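Welcome, and thanks for opening the viewer. Let's take a walk through this model together, one selection at a time.

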Amino acid sequence: MTHYSIDPFNALDAKTEAQKLAFAPIVFQTAKSLRDLGILAALDEVKKEGLDAAAISQRTGISEYGVKVLLDMGLSAHIVTWQAPNYRLANLGYYLLHDGMTRANLDFTADVCYAAMMHLSDSIKESKPAGLVELGDWETIYQGLSQLPTAAKESWFNFDHFYSDRSFPLLLKRVFAKKPKRLFDIGGNTGKWAQQCCAYDPDVNVTIIDLPQQIEMALVQAQEKGLAERINGVGINLLDKTQALPQGADVWWMSQFLDCFSPMEILSILRRVREAMSPGATVYILELFWDAQRYEAATYSLNATSLYFTCLANGNSRFYRSEDFLEIVAEAGLVVVEREDNIGLGHTLLTLAAA
């Protein structure tokens with residue numbers, strides 16, 4: 001990962017990059033239109049042969065003017081290449097069209113974040129998600145997940161599950177090595193982890209702890225999967241310090257959950273977990289830390305997503321630097337038994353015990 005100690009641009013390069021930033025929203029919408037209107041797919045079908053604007057227009061039903069104005073910006077953005085009279089799909093265009101991560105990120109940005117980011121400065125100044133007004137009337141996005149507009153709801157869950165789901169299969173063997181009988185899933189969302197736990201071990205019972213709205217969705221899913229007897233829920237607001245957590249779990253599980261809170265809120269939650277832990281219980285935290293990524297693109301994506309938390313989620317959370325997060329863990333009375341980085345698409349698994 002880049003350590004950011006050296007400025008990578010000379011004066012000329014910096015000025016060029018500044019123009020890219022100035023027009024970045026336009027380039028983003030160009031890329032999305034090229035994908036959504038079928039222009040990239042048309043070029044992908046013919047591979048290296050390429051197509052001229054008239055042929056693309058005929059294949060897609062988009063006017064020749066529309067094809068040209070989009071693809072000419074696509075040339076400047078290196079999404080396509082040009083060898084007169086034909087446009088060809090470049091590597092960047094290929095990934096925009098075919099890469100699952102890119103699709104999840106792009107749709108999340110377009111459907112959830114794009115309009116809201118006009119309120120970013122207000123969010124920073126007010127420490128609240130000022131951009132949420134573009135989606136609904138809630139204090140945080142989590143209260144409104146079940147009520148989001150259709151496109152935003154689909155893109156939010158696709159984005160969330162794309163990253164977490166690729167880590168889950170790798171973790172089940174570890175979590176169930178000691179055959180826990182009762183697992184508490186804090187922030188269990190729609191219950192996908194709970195379902196996978198029940199499928200992996202027929203003897204485990206899972207309690208999902210989340211907002212009442214989320215519990216309602218998760219229990220519907222459990223019912224549909226025939227798991228209603230083994231998956232139950234406790235609906236509480238984790239921000240309410242007066243609400244104690246249930247007791248009796250062998251394993252406490254938190255996946256991509258604590259990044260939804262400020263440092264003091266994380267401390268409060270972990271202290272309540274510590275108070276509720278049974279002797280010998282294990283706490284697992286699966287998180288994404290921007291400083292623990294193998295690839296620069298991952299760090300870039302996480303720091304961008306932190307501003308989603310600022311502008312839309314709750315105004316005060318983010319993806320943390322690992323050292324900052326571990327200080328909170330220690331303050332809460334927990335010790336790190338093991339840390340494993342680079343799980344799945346860049347997750348870190350922390351195995352914790354009571355100090």
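Begin by selecting aspartate 185. Leaving out residues up to four places away in sequence, aspartate 185 touches Trp193, Ala194, Val206, Thr207, Ile208, Ile209 and Trp253, where contact means heavy atoms within 4.5 Å. A word on what you are viewing: this is a predicted model, in which local features need pLDDT of at least 70 and side-chain atom pairs count only at pLDDT 80 or more, while totals for chains, interfaces and linings use all residues. Residues are numbered from 1 along each chain as its sequence is written, and side-chain values use heavy atoms, with hydrogens and water left out.

Aspartate 185 sits in strand E3, residues 182–186; helices (H or I, at least four residues) and strands (E, at least two) are DSSP runs, numbered from the N terminus. Is aspartate 185 buried or exposed? Aspartate 185 is buried, yet it has no salt bridge, and the nearest side chain of opposite charge, lysine 192, is 12 Å away. Buried means under 20% relative accessible area, exposed over 50%, and partly exposed in between (1.4 Å probe, protein chains only). A salt bridge needs a side-chain nitrogen of Lys or Arg within 4 Å of a carboxyl oxygen of Asp or Glu; for charge, Lys and Arg count as positive and Asp and Glu as negative, with His and the chain ends not counted.

Next, select asparagine 189, in the loop between E3 and helix H11 (192–200). Asparagine 189 has a positive phi of about 60° although it is not a glycine, and it is buried, with a relative accessible area of 13%. Now try lysine 47, in the loop between helix H3 (39–46) and helix H4 (53–60). Its phi is also positive, near 55°, but lysine 47 is exposed, with a relative accessible area of 52%.

Move on to proline 85, in the loop between strand E1 (80–83) and strand E2 (86–89). The peptide bond from alanine 84 to proline 85 is cis, with omega near 5°. Most residues other than glycine have a negative phi, and most peptide bonds are trans.

For the last stop, select tyrosine 308. Which residues does tyrosine 308 touch, not counting those up to four places away in sequence? They are Phe108, Val112, Cys113, Met117, Ile141, Tyr142, Trp156 and Ala313.

Finally, zoom out: the protein has 15 helices and 9 strands, and buried residues make up 48% of its 355 residues.
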